Amino acid sequence: MTIDSVPLFVIGGSITLFAANEVRNLHSEAVTDLEILVAPDQACHFTHYEDDGKSLAYKTGAYLKEEIHVEPGEQVKVTVKRTGDYPTQIEKILLKIINHEKAPFWVTIDDQLVPHFQHHKQFEAAKEGWYYSQTMGQVFIKY
């Protein structure tokens, strides 16, 4: 840790969202890359909401609401339920699940196996897949 870094303390049973692309002004710049950090010590949920932020079009369905639910256990299950028809501006999602004990055997999205990468550089180059960081104790899932 250096003087220009800020520690992040995460409470078990929490879901935290971060803009992964640089955004200086939310009125003129869009969040296109989203990072979701999950601490699955206990069941938790989070509501992510998007609309144009300018008009009343949300009243006629121009919004997107994503309910994120996490069920802890031997197999952590993350469920996302979407409502609304607003076209999201999110292009990439990186899901990080804190798991200090061990790496998972597999990861599925919509009952489809996600490719596993042993090396971080291969994971970074891929459009979709998962990687376990032993040093961080986290499962990284890109989709």
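Is Glu74 buried or exposed? Select Glu74 and look: with a relative accessible area of 70%, Glu74 is exposed. The cut-offs are these: buried means under 20% relative accessible area, exposed means over 50%, and partly exposed is in between (1.4 Å probe, protein chains only).

Before moving on, a word on what you have open. This is a predicted model, where local features need pLDDT of at least 70 and side-chain atom pairs count only at pLDDT 80 or more, while totals for chains, interfaces and linings use all residues. Residues are numbered from 1 along each chain as its sequence is written, and side-chain values use heavy atoms, with hydrogens and water left out.

**Stop 1: the whole thing**

Zoom out and switch to a cartoon view. Follow the chain along the sequence and the pattern reads β-β-β-β-β-β-β-β-α-β-β. The C-alpha trace spans about 45 × 40 × 30 Å along its principal axes. Of the 143 residues, 31% are buried.

Now try a surface view. The protein exposes about 10300 Å², and carbon and sulfur atoms supply 52% of that (areas come from the Shrake-Rupley method with a 1.4 Å probe; for residues, only the protein chains shown count as cover).

**Stop 2**

Lys102 counts as partly exposed because its relative accessibility is 42%. The whole structure has 4 salt bridges, so let's visit some others.

**Stop 3: a strand-to-strand link**

Select Glu35 and Lys96. They form a salt bridge too, with the closest N and O atoms 3.2 Å apart. Here again distant parts of the chain are linked: Glu35 sits in strand E2 and Lys96 in strand E6, 61 residues apart. Glu35 counts as partly exposed, at 21%.

Show what surrounds Lys96. Leaving out residues up to four places away in sequence, Lys96 touches Glu35, Ile36, Leu37, Val38, Gln138, Val139 and Phe140 (contact means heavy atoms within 4.5 Å).

**Stop 4**

Not counting residues up to four places away in sequence, Val139 touches a list of residues including Leu95, Ile97, Pro104, Val107 and Trp130. Now select Ile15, Ile36, Val38, Trp130, Val139 and Ile141: these have the most contacts inside the largest nonpolar core, which has 17 residues. Strands E2 (33-39), E4 (64-71), E6 (92-98), E9 (129-133) and E10 (138-142) each supply at least two residues of this core. A second, separate core of 6 residues includes Leu94, Phe117, Tyr131 and Phe140. What makes a core here is a set of buried Ala, Val, Leu, Ile, Met, Phe, Trp, Tyr and Cys residues joined through side-chain atoms within 4.5 Å. In soluble globular proteins, nonpolar side chains tend to be buried together.

**Stop 4: the loop around Glu29**

Jump to Glu29, in the loop between strand E1 (14-19) and E2. Glu29 counts as partly exposed, at 32% relative accessibility. Beyond four places in sequence, Glu29 touches Glu22, Val23 and Arg24. Select Arg24 and Glu22 next: their side chains meet in a salt bridge of 2.6 Å, N to O. Arg24 counts as exposed at 71% relative accessibility, and Glu22 counts as exposed at 58%. To end the stop, draw a line from Glu29 to Leu113: they are 84 residues apart in sequence and 34 Å apart in space, C-alpha to C-alpha.

**Last stop: a surface patch**

Select Tyr49, Leu56 and Tyr58. Together they form a nonpolar patch on the surface, with about 300 Å² of accessible area. Patches are made of residues with over 30% relative accessible area and no salt bridge, like charges being joined within 9 Å and nonpolar side chains (Val, Leu, Ile, Met, Phe, Trp, Tyr) within 5 Å. Tyr49 is in strand E3 (residues 44-50), and Tyr49 counts as partly exposed because its relative accessibility is 39%.

Key. Helices (H or I, at least four residues) and strands (E, at least two) are DSSP runs, numbered from the N terminus.
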